[in-house]
Amino acid sequence: MKASRSRINDTYQAMREHGYEIILDERFLILKSFVQHRTSNTYDHCLNVTRIALNMAKKFRIKVDIRSLVRGCLLHDYYGYAWRDTKPRWHGHRHPRLAAENAKRDFGINALEENMILGHMWPINFFRFFKSREAFILTLADKMATLEEVFAPRGEYEGYRLKLRRAELL
Ligand SMILES: [Fe+2]
Ligand SMILES: [Fe+2]
């Protein structure tokens, strides 16, 4: 099926409209208990990536499948363990496959969303190319969010967290 694409008018409205069913699901809320980067847990990180991806598409007026962009971004790190504590081997290479399997089982993702999740670690997973603009936007947004979360000032109400809280997303 061909994706139907349009421009984004309001990042947070799009996140609420297409993301609440995932964000409020108790299986997704577990991600709050996993440390992701210096100032973020995995839940915060997934929402932050979604915010940045939507802002990017909006700013550059890129037509996207808005629902799939939201869902693929939210679920890209839905692999379901605390990587900082357990330090599994090859986490960087293996976690996209796990996240895609979990997302398919729990949220019934479509092919576009699956490809976004599988390809988000490019270029670490060099041969798993993204096949869509949504997947490319996710790979960029993931790296930007990581930098933001690593270098953000500590404090619950600062930076990306404050923006998400104001939008009733955290
Ligand atoms: Fe990831
Ligand atoms: Fe990520």
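A crossing of two helices is called left-handed if the near helix is turned anticlockwise from the far one by less than a right angle, and right-handed if clockwise. Helices here are DSSP runs of H or I with at least four residues, numbered from the N terminus. With that in place, α1 passes α3 in a right-handed crossing.

Before going on, a word on the source: this is a predicted model, in which local features need pLDDT of at least 70 and side-chain atom pairs count only at pLDDT 80 or more, while totals for chains, interfaces and linings use all residues. Residues are numbered from 1 along each chain as its sequence is written, and chains are lettered from A and ligands numbered from 1 in the order in which they are written.

On the α1 side the contact (C-beta atoms, placed from the backbone, within 7 Å) is made by Thr 11, Ala 14, Met 15 and Gly 19, and on the α3 side by Thr 50, Arg 51, Leu 54, Asn 55 and Lys 58.

The second pair is α3 and α8, which pack at an angle of about 125° with their axes 8 Å apart, and that makes α3 oblique to α8. This crossing of α8 by α3 is right-handed. Among the residues that meet here are Ile 52, Ala 53 and Ala 57 in α3, and Ile 137 and Ala 141 in α8.

What, then, of helix α4, and how many of its nine residues are buried? Eight of them are, so α4 (residues 66-74) is largely enclosed by the rest of the structure, a residue being buried if 20 or more other C-beta atoms lie within 10 Å of its own, exposed if 12 or fewer, and partly exposed in between. The buried residues of α4 pack against α1 (11-23), α3 (42-59), α7 (111-119) and α8 (133-151). One of them is Leu 69, which touches, among others, Ala 53, Leu 54 and Ala 57, as well as Ile 137, not counting residues up to four places away in sequence.

Key:
Helices (H or I, at least four residues) and strands (E, at least two) are DSSP runs, numbered from the N terminus. Two residues are in contact if their C-beta atoms, placed from the backbone, lie within 7 Å. Axes are lines fitted to C-alpha atoms, for helices over the stretch in contact, and angles run from 0 to 180 degrees between N-to-C directions. Angles under 35 degrees count as roughly parallel, over 145 as roughly antiparallel, 65 to 115 as roughly perpendicular and the rest as oblique.
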